[in-house]
Amino acid sequence: MTKDTILMFLRRNGALVVLAIILTAVSTAAPGILRWRAINSLLQDNAPLLIMIVGATLPILLGCLDLSIAAMASLAAVMAAMLSPALGSASAYVVVAGAAMIGGLQGWMIGRLQVPSFVISLGALGIFKGIGMYLTAADMVGIAPGISVYETLGSRSFGISNAFILVLIVAWLFTLMLKLSNLGRNIYAFGANEIAVYISGVRRDMVRAFAFAASSGCAALGGVMMISQTMFASATVANSLLLPALVGVVVGGTAISGGVGGVLSSLIGGLIAILIRVGVTISGLPPESQDVAFGITILIAVALTTDRAKIGLVK
Amino acid sequence: MSNLIKSQGPLLALTGLVVIFSVFSESFASMANFAAVLEAAAIPAIVAIGLTYVLMQASIDLSVEGVASLANIILSITVANSVTTTDIGLWAIPLVLCAGLLVGATSAAVSIYVRMPSLIVTLGMWLTTVGMAALLFPDRLPQLLETRITQLAIDKQFGLSWIVYLTLALILVALWVEKYTRFGRMSRAIGENEPVLIMSGIKVNRHKIAAFALAGGCYALAGILLGARIGVGNTQSGVGLLFPAIAACVLGGTLLSGGQGGIRQSMIGVLILVSLRNGLIQIGVDPLLQSALEGAVIIIAVAGSTWHLRRKVRVIK
Amino acid sequence: MTTAFSLEGITKRFGEVTALDNVSLTLNEGEVLGLIGQNGSGKSTIMKVMAGLHRPDTGIIRVGGKVVQLRSPLEAAQAGIGLVHQEQSLITSLTVAENLFLDKPATSTRLGVYRWAKLRDRAKHQLEKVELDIDPFTSVSELSFGQRQMVELAKVLSLEELVHGHLVILFDEPTAVLNPPEIQSLFSQIRRIKHRSSVVFVSHRMDEILDISDRVYVMSDGRNVADRDKENVNVDELYELMVGKQRVNREDRKPRNAQIGAEPALTLKNVTVPGEIEGISLTLAPGEILGLIGVQGSGAETILRTVFGLSDRWSGEIDYFGMPLNVDSPPQAVDKGIGYLPAERKTEGMIRNTTVSENVAITYGWQHGHGAGLISRARERGLIHNWVTKLGIKTPSIGQRIDTLSGGNQQKVVLSKWLFGKTLKVLMLDHPTRGLDPGARSDLFGVIRELADQGLAILLVGDTLDEVLTLSDAIIVMKDGRVSARIEGVQATPPSEEELVKAMV
Ligand SMILES: Nc1ncnc2c1ncn2[C@@H]1O[C@H](COP(=O)(O)OP(=O)(O)OP(=O)(O)O)[C@@H](O)[C@H]1O
Ligand SMILES: [Mg+2]
């Protein structure tokens with residue numbers, strides 16, 4: 001192997017390499033962390049974040065941004081909890097499907113109203129948050145006990161968290177879609193040059209609607225996962241997840257300008273971000289300096305995982 | 001008429017809001033309430049000024065809240081205060097402003113030389129500055145004892161505090177810079193077509209660093225004024241500044257894709273947003289629904305004021 | 001004669017592509033050098049090296065006998081070298097005056113603050129040179145296409161005041177987007193500045209090259225293959241030097257024996273786009289090539305865009321094989337079997353930052369897939385290779401990023417996207433040969449004829465009269481948004497160019 005091919009490998013698989021490095025570092029510092037039980041509960045706790053990262057990747061591949069995902073996850077958690085006594089397991093399905101439809105509507109409106117995704121999803125963020133507050137009167141809502149979907153999502157199969165297995169399945173399906181389908185090709189091309197793709201006959205409104213439906217649906221799924229762990233929902237449960245989700249996508253090497261990246265890399269990016277958090281926590285640093293350490297380490301991770309050969313102008 | 005709608009959409013939206021609120025609420029159209037709107041708009045306006053230059057260049061800066069909080073903490077521990085013994089008097093102000101400039105310039109430099117999108121660099125910078133504010137935070141909440149600073153918020157001339165006058169002055173300077181300096185002109189050009197500028201030998205990177213540094217300075221100023229207003233140093237003081245400021249810029253027509261908008265438009269955006277908040281309370285909307293209505297109005301206002309720009313061949317993102 | 005400028009042994013590589021291979025070139029004072037070569041032969045690269053935009057890997061550059069390093073366009077400008085770009089390089093949100101001095105040392109600002117009055121005077125003077133009567137503080141976004149090109153020219157000519165010595169002015173395909181009167185005005189400018197500058201002029205049109213140049217310099221595959229005085233060359237010989245084969249262009253003149261269908265494929269009745277075209281009616285039959293010509297702004301392009309669903313507001317009636325077309329967006333048009341090759345290659349044609357193969361397969365790739373929306377990259381690859389060979393697309397591989405191809409090759413890639421499917425019935429070509437070299441052009445002509453012979457209906461907005469005359473079965477002449485003449489049976493009895501020009505202006 002020549003130096004060039006090694007460099008090439010590093011550039012292509014930057015995220016994996018960084019993940020390996022951080023995993024090694026963390027496990028050397030705290031050997032206990034590599035125990036299966038610790039990893040598993042880490043994955044279980046972070047499954048909602050990871051599924052949001054997976055979904056958030058699709059709009060970003062188009063060069064759009066969906067800022068409403070965290071608010072959507074909270075609203076979905078609230079709705080699912082409120083509907084659970086009446087609908088049982090169906091409450092989860094209804095909420096996720098409904099969220100996907102609302103997301104699709106958002107994506108479609110971007111094109112129809114010609115308002116940037118940033119603005120539409122910022123507005124949607126406010127709307128979801130307001131509705132959630134209103135429905136719950138800013139209080140907690142409990143979920144009806146003994147509903148199978150929520151119990152399954154909160155438990156394990158073969159020792160692995162079911163929620164995390166679901167994350168893997170969804171990520172795998174999206175990856176296949178991106179690689180093998182015409183829709184996937186259109187998504188990448190759209191991110192590279194929207195106008196040329198439109199003039200090539202691609203239904204850009206549909207592509208955008210799909211991407212936003214996926215991100216909203218995944219966010220709602222994240223909300224459902226959250227209540228299956230905590231059994232309680234409030235209008236703000238997931239609100240703090242917006243930035244970690246975006247961080248995960250970018251650490252994975254998906255370019256914010258669109259056209260470059262993928263769902264699996266985002267998943268790896270999410271894991272990197274989670275591990276950095278763990279590493280910083282167990283590092284023995286005083287709590288006040290942990291945020292600084294986290295911020296700087298994340299920047300370094302992004303610097304290492306971005307394939308700069310593929311992105312043109314950096315803005 | 002149709003030309004007016006085209007060029008002044010955001011201004012019309014603002015007028016519309018004011019008219020609607022004045023009709024539905026007695027108290028909205030009063031001198032005291034207008035003063036309240038201006039007071040509430042002042043600090044967001046300062047943040048939006050800094051952000052506008054960055055957005056015009058088609059970059060983005062998310063570090064607002066961290067920098068403002070950090071500035072607020074530095075100020076509160078370096079002037080006369082109830083916790084620490086240091087007291088450098090008004091020298092604290094240039095010190096804090098320089099810290100803001102430095103943070104901004106660092107973000108830009110990292111983004112340019114490590115080739116990372118500004119969105120992610122400033123996101124990291126946000127976390128970092130929040131952390132630094134926490135690090136510098138003394139054991140107890142420091143009360144500001146420097147009256148020359150706290151008076152800025154308390155002392156009123158014609159019913160408005162010095163904060164408002166300072167903001168107005170800053171807006172004038174920013175408008176002048178936008179129109180008459182090479183930096184101002186090039187900022188918009190960078191947003192429109194950076195490769196051509198690079199090919200023309202324009203030192204694009206310098207303008208970028210300058211924009212981020214100025215923006216950082218603006219956030220730091222906002223942190224100082226927040227300190228003047230709340231009278232204490234608080235690590236959370238900047239929280240809640242970012243999204244309204246970005247929303248305001250976008251509402252005014254400063255597009256995130258760069259090359260368009262400007263200070264004037266962003267200031268109108270700030271006024272729209274602040275009047276909206278104020279007006280919704282005045283007409284007695286359920287506070288729980290407040291954010292939902294705000295969200296809806298943002299979408300409608302942007303869609304309405306850019307409706308005439310709709311083209312089939314147009315990049316939206 | 002004294003040498004004003006020279007390149008000695010310049011080599012420039014981009015990854016695996018050698019764009020310039022040991023190229024030497026001398027430029028005498030006061031001469032116009034015509035630079036020709038096929039697409040991708042390295043013309044733009046030479047110009048960019050001369051203008052300080054690319055650093056050569058090896059070789060030296062001399063200005064007035066002295067060895068210099070041109071590290072940036074600014075340094076080149078200070079040495080008296082200016083480039084008029086192949087693509088437009090004006091910033092539309094700035095004023096004309098600002099654009100004029102964008103790439104010059106900042107003399108109209110003091111401490112970073114503009115001195116508007118001084119700027120206005122200096123700009124006024126430059127605009128007078130190119131006889132452009134506009135306020136220097138007009139925003140470029142308000143100018144027409146031709147006016148912008150004149151501003152580009154003024155931008156370079158302002159070197160005259162800035163630099164005292166001799167100038168070197170480079171033009172990279174300046175005429176591609178100009179109409180005949182504008183070309184004449186450009187040529188008179190070139191002749192005017194000759195007394196104190198040397199000019200390099202790139203064009204794919206041989207008549208222009210022979211008209212304006214004193215010497216002709218031929219490139220092929222990154223190497224110089226000929227350097228002749230104008231007296232010693234003729235068109236056929238130049239063509240042979242460039243392509244290495246006999247000039248097939250003559251053959252193109254052979255009248256086409258078109259099998260034109262009886263039922264029209266496309267019928268426009270009274271189509272109006274406010275401010276652009278008015279009351280356009282025309283018919284196009286399968287197997288027919290209908291050429292549209294007119295000066296810039298005559299509305300020919302708008303007809304194509306309206307049919308393709310790109311016009312925001314229009315009225316009238318469009319029928320498609322006897323049924324109303326009802327198309328409001330490109331995807332709908334494509335579904336019906338209509339294709340459109342836009343003139344704006346950079347923004348509308350090619351998908352930047354993606355590969356050649358993704359560009360070819362974007363529209364019809366799924367037709368060669370497994371069904372159910374799944375694509376087969378393996379099957380596509382073979383077909384893409386076919387088109388790359390057939391159109392002579394010069395690219396290291398089909399996985400190459402399209403941005404790195406030369407302009408002409410990019411255009412061929414964009415065209416092959418429409419040829420890739422099985423359902424195309426009407427193909428609309430907007431300036432398809434813009435930027436194509438003569439060899440590529442005649443290849444393209446061959447493809448267009450073949451497509452028509454297979455029964456495709458083709459609507460063409462041509463770059464030159466010659467092109468439209470060569471290809472079309474019928475010609476529609478446009479003037480100020482209306483049809484000013486329709487000429488049938490072009491292949492049997494070609495109208496004279498004079499006749500067409502009279503209808504155009
Ligand atoms: N930035 C780049 N990266 C990689 N390859 C490049 C780059 N610029 C040019 N090339 C390659 O160098 C060769 C010469 O390109 P150049 O643009 O000089 O051709 P040209 O003669 O101007 O062609 P045209 O007539 O089509 O404009 C081409 O093969 C092109 O693909
Ligand atoms: Mg070229």
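Hi everyone, let me start with the interface: putting chain C and chain B together buries about 2000 Å², and carbon and sulfur atoms give 59% of that. Buried area here is the accessible area, with a 1.4 Å probe, that two parts lose on being put together, summed over both.

A quick word on the source. This is a predicted model, where local features need pLDDT of at least 70 and side-chain atom pairs count only at pLDDT 80 or more, while totals for chains, interfaces and linings use all residues. Residues are numbered from 1 along each chain as its sequence is written, chains are lettered from A and ligands numbered from 1 in the order in which they are written, and side-chain values use heavy atoms, with hydrogens and water left out.

Back to the interface. Chain C brings 28 residues to the contact and chain B brings 22, with contact meaning heavy atoms within 4.5 Å. How many salt bridges cross between chain C and chain B? The rule finds two, taking a side-chain nitrogen of Lys or Arg within 4 Å of a carboxyl oxygen of Asp or Glu. One you can look up pairs Glu98(C) with Arg185(B), at 2.5 Å from N to O. On the chain C side that touches chain B, helix H2 (73–78) and strand S8 (113–114) each supply at least two residues; helices are DSSP runs of H or I with at least four residues, strands are runs of E with at least two, and both are numbered from the N terminus.

Now, cysteines. A disulfide is a covalent bond between the sulfur atoms of two cysteines. The rule asks for a pair of cysteine sulfur atoms within 2.5 Å, and over all chains the count is zero. For Cys98(B), the nearest cysteine sulfur belongs to Cys218(B), 14 Å away. Cys98(B) is partly exposed at 47% relative accessible area, where buried means under 20%, exposed over 50% and partly exposed in between, with a 1.4 Å probe and protein chains only. Cys249(B) also has Cys218(B) as its nearest cysteine sulfur, at 11 Å, and Cys249(B) is buried, at 0%.

Last stop: Ser187(B), in helix H9 (residues 182–199) of chain B. Is Ser187(B) buried or exposed? Buried, with a relative accessible area of 0%. Leaving aside neighbours within four places in sequence, Ser187(B) touches Tyr53(B), Met56(B) and Gln57(B). With Gln57(B), the side chains make a polar contact of 3.1 Å; that term means a pair of N or O atoms within 3.5 Å, where within protein one must be able to donate a hydrogen and the other to accept it, and residues adjacent in sequence count only if both atoms are side-chain atoms.
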